Amino acid sequence: MSWSLDGIPLRSVLVTRLRYLGDVVMSTVVLEALKLGDPALRLGYLAEENHGQILRGHPLLDRLHLLRVKRQGSDARARPTVQQDRDQVRDEAGRGVMGTLAGLNAEGYDLAVDLFFNPRSAWLLRLAGIPRRIGGTRGSRGWLYTHTVLRRETAARHPGFNALAPGGLGEHLCRLEPLRHDPTGLGFADWLQQTGGGQVLAPRLVASGRPGGPGGPEAHRPYLVLAPGATWATKEWPTDHWLRLVESLLAGREEDIFILQPPGQPDWAMILARSIPAGRGRLLPVMPLDRVQEWLARARLLVTVDGGIMHTAVALGVPTLALFGPTRTDAWFPYEGLGPYRVLATRPPCSPCDLHQCPDFVCMPDLDPALVADRALELLNAGGDSGNAGPLPGVEGRSVHPELTLDPEEEA
């Protein structure tokens with residue numbers, strides 16, 4: 001037991017980020033930090049099923065609690081899941097919120113670290129009887145936590161924290177500040193700075209490696225993946241720009257191109273697919289997240305927009321070129337310098353605006369396809385293997401036991 005909180009040793013910790021896909025992926029840096037400090041620490045994770053399934057089989061987890069909710073969004077409703085996995089976890093879990101609480105209570109976690117701190121997660125942790133609970137709000141829900149940590153206060157107390165934990169990675173890692181690493185006698189932020197040697201922790205995922213059958217990614221020669229889907233209209237790159245990019249990437253290269261189809265957006269995906277010559281790639285169907293991981297993990301390059309697929313590819317170690325519009329690259333793409341990951345953005349005077357709709361939409365349309373093609377080819381020509389660099393330290397042979405519960409009610 002290397003970690004403690006208020007002098008109490010920690011044997012098991014629950015980390016929770018109920019949603020969304022990119023945030024769940026980014027939060028794996030919290031798992032890695034905790035395990036680096038104590039390889040024997042038991043770790044659990046609580047998330048909604050539609051996005052939390054990305055963590056199935058994660059080698060740092062001992063238990064995965066997946067909560068099914070009726071409110072899922074169009075992406076989650078349209079994306080299939082693997083029925084065998086769903087049946088397996090349903091048998092373990094029971095039903096509804098009470099099943100979730102029973103599963104959490106049975107694990108006897110010493111600490112819960114809430115990275116979302118919305119009403120649902122705050123109440124679940126309190127009602128589960130987890131004795132110590134860290135959150136990030138001092139609003140109306142603050143009383144549901146025993147400890148509250150704000151990013152700006154952590155950065156003020158530890159001047160080097162933002163450099164070591166940039167953007168969204170730091171938003172998650174800062175919640176661990178109250179912890180003490182007993183073997184070194186350091187608080188978490190100081191331990192991270194000294195132990196990490198100035199290295200930024202990156203999110204990590206491990207693809208399942210299950211055989212995909214005929215037509216799966218393992219059956220294809222080298223290929224690239226394009227993932228144009230975006231949850232906001234202002235994050236989308238114009239279809240004609242994608243068409244020009246496909247033409248440039250196919251010219252004089254041997255790699256095929258596969259289009260990752262987002263749920264519920266078939267029209268322009270079909271237009272892109274028709275631009276690919278026969279035998280040089282195709283449009284992939286809407287797939288469960290574990291199959292998406294398999295296709296990404298074997299790709300030589302992903303070109304995509306700001307979203308969960310981007311974070312997933314980075315966590316798999318896949319060379320990634322991200323196209324940004326209204327959102328902050330420093331917050332949501334803190335990956336340059338950590339590997340073969342690059343971001344492009346035009347940054348007009350109105351940026352970043354974080355608008356979902358924009359009457360004067362220029363940031364993404366002004367991103368030149370020729371420039372995108374040049375940067376993509378630079379990443380390809382730089383070489384390097386895709387996929388994770390290797391097994392995570394101290395986790396060989398670990399297994400994860402998913403738990404799925406059913407929530408029949410909408411979130412208030």
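Analyst: This is a predicted model, in which local features need pLDDT of at least 70, side-chain atom pairs count only at pLDDT 80 or more, and totals for chains, interfaces and linings use all residues. Residues are numbered from 1 along each chain as its sequence is written, and side-chain values use heavy atoms, without hydrogens and water.

User: At what angle do helix H14 and helix H15 pack, and how is H14 placed relative to H15?

Analyst: Helix H14 (residues 289-297) and helix H15 (residues 308-315) have axes 10 Å apart and pack at about 55°. Angles under 35 degrees count as roughly parallel, over 145 as roughly antiparallel, 65 to 115 as roughly perpendicular and the rest as oblique. H14 is therefore oblique to H15.

User: Which residues of H15 does H14 meet?

Analyst: Contact means heavy atoms within 4.5 Å. The contact has 4 nonpolar, 2 polar and no charged residues. From H14, Val 292, Gln 293 and Leu 296 take part, and they meet Ile 309, Thr 312 and Ala 313 in H15.

User: Are the residues on the two faces of strand E14 buried or exposed?

Analyst: In a regular strand the side chains alternate between the two faces of the sheet. Buried means under 20% relative accessible area, and exposed over 50%. In E14 (residues 302-305), Leu 302 and Thr 304 lie on one side, Val 303 and Val 305 on the other, and all are buried.

User: Which residue of E15 is the bridge partner of Thr 304?

Analyst: Two strands pair if DSSP finds at least two bridges between them. E14 and strand E15 (residues 320-324) pair in the parallel sense over 4 bridges. The partner of Thr 304 in E15 is Ala 322.

Notes. Axes are lines fitted to C-alpha atoms, for helices over the stretch in contact, and angles run from 0 to 180 degrees between N-to-C directions. Ala, Val, Leu, Ile, Met, Phe, Trp, Tyr, Cys and Pro count as nonpolar, Asp, Glu, Lys and Arg as charged, and the others, Gly among them, as polar. Buried means under 20% relative accessible area, exposed over 50%, partly exposed in between (1.4 Å probe, protein chains only).
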